[in-house]
Amino acid sequence: MNQQHESLESLITGEDEVYSDSENCEEYLERLDTMMDSYFIVNNVKKCKTLISWIGHEITLKMRQIIFPRRIMDVPYEEMTNIVRCNFTQEMSQRNLLLKFCERVQGDGESILNFALCLKSLARGCKFNSCLDQMLRDRFVNGLRNREIKNKILADGDKKFYQVLQKAMILEDFDKNCNIDGIDTRMTQL
């Protein structure tokens with residue numbers, strides 16, 4: 001019972017899930033509805049409170065401006081979710097994804113493959129269209145942590161993203177193997 005109480009408390013306070021503009025709005029609202037169903041939250045006011053506590057402070061402030069002069073608790077839950085769908089999805093999501101994509105660099109201890117997969121995931125919502133390969137390649141090379149790998153890739157000139165990724169993974173593997181063997185010259189051997 002105590003564990004259920006803690007779970008319900010984190011549900012009400014929104015500690016577990018805050019909506020991010022980079023997340024698919026429909027999937028988020030579907031998860032929220034499913035969660036409310038599982039906790040038997042059916043009352044309009046409680047549904048609105050749960051939505052507001054989970055959706056985050058910034059979006060709550062914007063929603064208050066949209067529905068003014070009404071109060072959040074006076075707006076039907078269905079209307080609240082429609083406001084989220086209409087005002088906080090496409091434009092904000094694409095802008096935030098593009099910003100996250102452009103700022104993304106390989107983290108300490110992050111493998112080159114994981115870095116590339118994360119970039120591809122972020123790029124999916126950025127609508128690069130015909131520039132996708134070039135954007136992925138350039139962001140990937142620019143965001144590499146290891147300067148020696150970056151320099152070797154840049155020395156090769158223009159290539160496709162998957163070619164750059166393959167070479168970087170080979171160089172990363174070589175670097176790891178040389179590092180394990182205690183060889184000081186590592187990347188200079190290639």
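Modeller: **A close look at the aromatic pairs and the cores**

Asn 24 is partly exposed, with a relative accessible area of 39%, where partly exposed is the class between buried, under 20% relative accessible area, and exposed, over 50%, using a 1.4 Å probe and protein chains only. This is a predicted model, in which local features need pLDDT of at least 70 and side-chain atom pairs count only at pLDDT 80 or more, while totals for chains, interfaces and linings use all residues. Residues are numbered from 1 along each chain as its sequence is written, and side-chain values use heavy atoms, with hydrogens and water left out.

Asn 24 sits in the loop between α1 (2-13) and α2 (25-38); helices here are DSSP runs of H or I with at least four residues, numbered from the N terminus. Its C-alpha atom is separated by 9.7 Å from that of Gly 125, although the two residues are 101 residues apart along the chain.

Turning to the rings, those of Phe, Tyr and Trp (its six-membered ring) pair if their centres lie within 6.5 Å, and planes under 30 degrees apart count as stacked, over 60 as edge-to-face and the rest as tilted. By this rule there are three aromatic pairs. The rings of Phe 101 and Phe 128 have centres 5.0 Å apart and planes at 55°, so this pair is tilted. It links distant parts of the chain, since Phe 101 belongs to helix α6 (residues 90-103) and Phe 128 to the loop between α7 (112-123) and α8 (132-143), 27 residues apart. Both Phe 101 and Phe 128 are buried.

Phe 115 and Phe 140 form a stacked pair, with 5.6 Å from centre to centre and 25° between the planes. Phe 115 lies in helix α7 and Phe 140 in helix α8, so the pair ties together parts that are 25 residues apart in sequence. Phe 115 and Phe 140 are buried, and together with Phe 161 they form one aromatic cluster.

A nonpolar core is a set of buried Ala, Val, Leu, Ile, Met, Phe, Trp, Tyr and Cys residues joined through side-chain atoms within 4.5 Å. The largest such core has 22 residues, of which Leu 32, Leu 51, Met 63 and Met 80 touch the most other members. The elements giving two or more residues to this core are α2, α3 (44-55), α4 (57-67) and α5 (77-87), and α2 gives the most, with six residues. Apart from this core lies another, of 21 residues, among them Leu 97, Cys 126, Phe 128 and Phe 161.
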